[in-house]
Amino acid sequence: MHIVNQEEDEKWMRHALSLADKAEAMGEVPVGAVVVLNGNIIGEGWNSPITDHDPSAHAEIRAVRQAALHKGNYRVVDATLYVTLEPCAMCAGMIVHARIARVVFGAPDLKTGAAGSVMQLLQHNALNHQVDITSHILQQACAEKISAFFRRRRAEKKASKLKAVITDSLEK
């Protein structure tokens with residue numbers, strides 16, 4: 001069990017939010033993740049599946065891959081992963097395999113969350129590793145970043161359809 005420090009958790013979550021901005025700047029869903037060990041960043045990531053043409057290029061996977069390279073080991077024992085959105089099943093599986101000690105997330109994912117919202121893989125009794133979980137750290141900021149992104153995307157799609165209708169009717 002890890003000692004939970006709210007101030008420390010918020011510090012690293014703010015960093016993860018800044019990484020989410022990098023994803024958003026690329027047109028990706030704004031999710032950011034950072035792996036911390038002994039107070040130091042050993043891995044960072046942000047969503048890039050569209051840009052990289054890689055369905056596994058989630059923020060968590062990119063951050064843990066970098067952390068594993070940093071450690072020179074596929075196990076990232078004793079590290080904490082901070083992520084702005086609750087991990088999905090794919091990321092949760094990777095987190096368990098990497099032996100991440102603790103996951104701290106901001107916003108729950110009510111559609112695909114695998115840290116308690118839809119399913120619980122990080123603490124599943126049948127698995128040989130359970131992860132400590134702290135949730136809802138800077139939840140409002142994390143949720144708003146994603147909600148604003150999708151609101152903007154829907155508005156852009158609607159504007160594009162309207163433009164196509166107007167252009168089509170002008171051509172007739």
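These are my notebook entries on one chain, looked up in a predicted model.

**Entry 1, overall layout.** I went through the secondary structure and found five helices and five strands. In sequence order I wrote down the pattern α-β-β-α-α-β-α-β-β-α. I then looked up the extent of the C-alpha trace, which spans about 70 × 30 × 30 Å along its principal axes.

I noted an accessible surface of about 9,400 Å² for the chain, with 55% of it belonging to carbon and sulfur atoms. The chain has 172 residues, and 41% of them count as buried.

**Entry 3, contacts and charges.** I looked at contacts between residues at least 6 apart in sequence; 56% of these join residues at least 24 apart. I also looked up the charges, 20 positive and 19 negative, and their mean positions lie 5 Å apart.

Which strands pair with β4? I found β3, residues 80-85, paired with β4 in the parallel sense over five bridges. In this pairing I saw Leu85 opposite Ala107 of β4. I found β5, residues 132-134, paired with β4 in the parallel sense over three bridges. Here Val103 stands opposite Ile133 of β5.

**Entry 6, cover over β4.** Why do I call β4 largely enclosed? Buried here means under 20% relative accessible area. Six of the six residues of β4, residues 102-107, are buried, so the strand is largely enclosed by the rest of the structure.

How values were computed:
Residues numbered from 1 in each chain as written. Predicted model: local features only at pLDDT ≥ 70, side-chain atom pairs only at ≥ 80, totals over all residues. Heavy atoms only, no water. Helix = DSSP H or I, 4+ residues; strand = E, 2+ residues; numbered from the N terminus. Buried < 20%, exposed > 50% of the residue type's maximum accessible area, 1.4 Å probe, protein only. Contact = heavy atoms within 4.5 Å. Areas by Shrake-Rupley, 256 points an atom, 1.4 Å probe, with all protein chains shown as cover. Lys, Arg positive; Asp, Glu negative; His and termini not counted. Charge placed at Lys NZ, Arg CZ, Asp CG, Glu CD. Pairing = 2+ DSSP bridges.
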